[in-house]
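Please examine the sequence and structure shown below. The briefing that follows treats selected features by topic.

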Amino acid sequence: MKSNLWNILKKELREMFNDKKSLSMMLIIPIMIPLLVIGMSALFESQINKPLTEYNQIGFNYEMSEEEEKLAEDSGINVVYYENLEDIESAYQNGEIDLYVTKKDQLYTIHGEDNETTSYASSLVENYFNRYKEYLQTEYLMDKEISSDEVIHIIDIEKDIKEVDNFYASYITNYAFLFIIMAITVSATYPATDTTAGEKERGTLETLLTFPIKSKDIIIGKFLSVSLSSVITGLISLILMIISLVIVQDMFTIYEGVNLMLPSASFIFALIVIIAYSFLISGLCIAIASKCKTFKEAQSALTPLTFISFFPGMIAFMINVKSSLLLALVPFLNFTLLFTDITAGNIDILEIGVMLLSTIIIIGITLYIIIKQYKSEKVLFNE
């Protein structure tokens with residue numbers, strides 16, 4: 001009966017909102033999302049705009065000509081001379097220089113270890129040698145009374161590469177969504193555990209079953225209460241993600257010229273994806289927790305679900321998997337792929353419909369199995 005379902009739902013919501021731990025899971029975890037967005041943006045900014053003085057100390061074990069010194073200075077290199085190889089190697093190991101160059105006849109060798117600083121310093125030195133090589137070529141051609149422009153600059157090259165998507169914006173947005181997925185999962189785990197295994201352990205579930213209420217009403221009421229908790233977490237997380245994206249757009253130059261604000265259509269469809277995931281994970285959490293005798297046992301059983309929900313999307317994003325109708329059927333993976341497309345402005349109604357259909361079928365099967373469990377005392381009380 002509808003009245004029984006409504007009474008169960010009110011009971012579960014009242015207990016959930018009176019539980020400080022449930023509220024903390026629902027409200028506090030999403031606060032980590034702005035920290036994630038701002039922190040990763042600051043990291044990218046520091047990598048892109050690394051000060052020249054942090055990687056321009058370059059050691060040379062040979063005397064440079066006046067022209068070489070000038071070219072090195074123009075390239076931003078701070079030249080440090082060393083008399084022998086042992087001294088220059090020691091200076092590099094002690095961090096006194098960022099890279100060093102040795103010369104044998106006409107062979108110049110750039111030495112260093114593979115790390116971030118070496119990468120920056122190596123690019124700096126390579127740019128210097130390209131300029132020095134061009135200088136030597138020009139001098140040689142002038143000696144032969146040949147115009148250097150006719151040889152060195154025999155062709156002209158220019159770049160016309162249009163940036164369709166800002167890499168950093170896409171990276172931050174997708175990882176923020178993965179964190180939303182994790183926040184929703186954690187938010188669903190505690191109330192699902194408390195309303196099933198927790199009630200078993202306290203003995204209140206057995207009392208509830210003595211009332212003239214159908215198992216279907218009990219399960220659907222519990223499912224809707226946990227789903228509501230998950231949806232609230234997802235909605236708060238999405239709003240905080242958008243707010244933090246707006247904040248970092250003004251704070252960091254890596255987003256210059258990029259509009260991080262989601263269009264209204266993208267926001268609506270992103271919310272649909274989040275709601276669909278919230279209902280799916282809530283059903284799975286209740287199904288797993290219902291098989292456990294105690295609260296602690298249920299928590300242990302649900303822990304792998306957090307990783308299962310997070311890693312498929314993360315791996316897909318790392319290897320650049322593209323969405324398709326077939327992948328729209330795959331649980332967990334489909335949510336991340338669709339969210340990536342939606343935030344990029346590529347909204348495929350058919351793929352979203354397939355995702356919703358597969359999610360509804362999985363939820364329906366899950367609830368059917370749980371309801372059958374609750375009709376069997378042997379399964380319910382693990383006798």
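How many of the residues of helix α13 (residues 333-343) are buried? In helix α13, 10 of the 11 residues are buried, where buried means under 20% relative accessible area, exposed over 50%, and partly exposed in between (1.4 Å probe, protein chains only). This is a predicted model, in which local features need pLDDT of at least 70, side-chain atom pairs count only at pLDDT 80 or more, and totals for chains, interfaces and linings use all residues. Residues are numbered from 1 along each chain as its sequence is written, and side-chain values use heavy atoms, with hydrogens and water left out.

**Helix α13**
- Helices are DSSP runs (H or I, at least four residues), numbered from the N terminus.
- Among the buried residues of α13 are L333, F335, D341 and T343.
- After α13 comes G345, which has a positive phi near 90 degrees.

**Residue S237**
- S237 belongs to helix α10 (residues 215-251).
- S237 counts as buried because its relative accessibility is 0%.
- A polar atom of the S237 side chain lies 2.7 Å from the backbone oxygen of T233.

**Negative patch**
- A surface patch of negative charge includes E63, E83, D87 and D143.
- Patch residues have over 30% relative accessible area and no salt bridge, and like charges are joined within 9 Å.
- A salt bridge is a side-chain nitrogen of Lys or Arg within 4 Å of a carboxyl oxygen of Asp or Glu.
- Helices α4 (66-74), α5 (85-93) and α6 (116-143) each supply at least two residues of the patch, and α4 gives the largest share, four residues.
- E139, also in the patch, is found in α6 and counts as partly exposed because its relative accessibility is 33%.

Technical notes
Patch = residues over 30% accessible without salt bridge, like charges linked within 9 Å, V, L, I, M, F, W, Y side chains within 5 Å. Areas by Shrake-Rupley, 256 points an atom, 1.4 Å probe, with all protein chains shown as cover. Lys, Arg positive; Asp, Glu negative; His and termini not counted. Charge placed at Lys NZ, Arg CZ, Asp CG, Glu CD. Polar contact = N/O pair within 3.5 Å; in protein donor to acceptor, adjacent residues only side chain to side chain.
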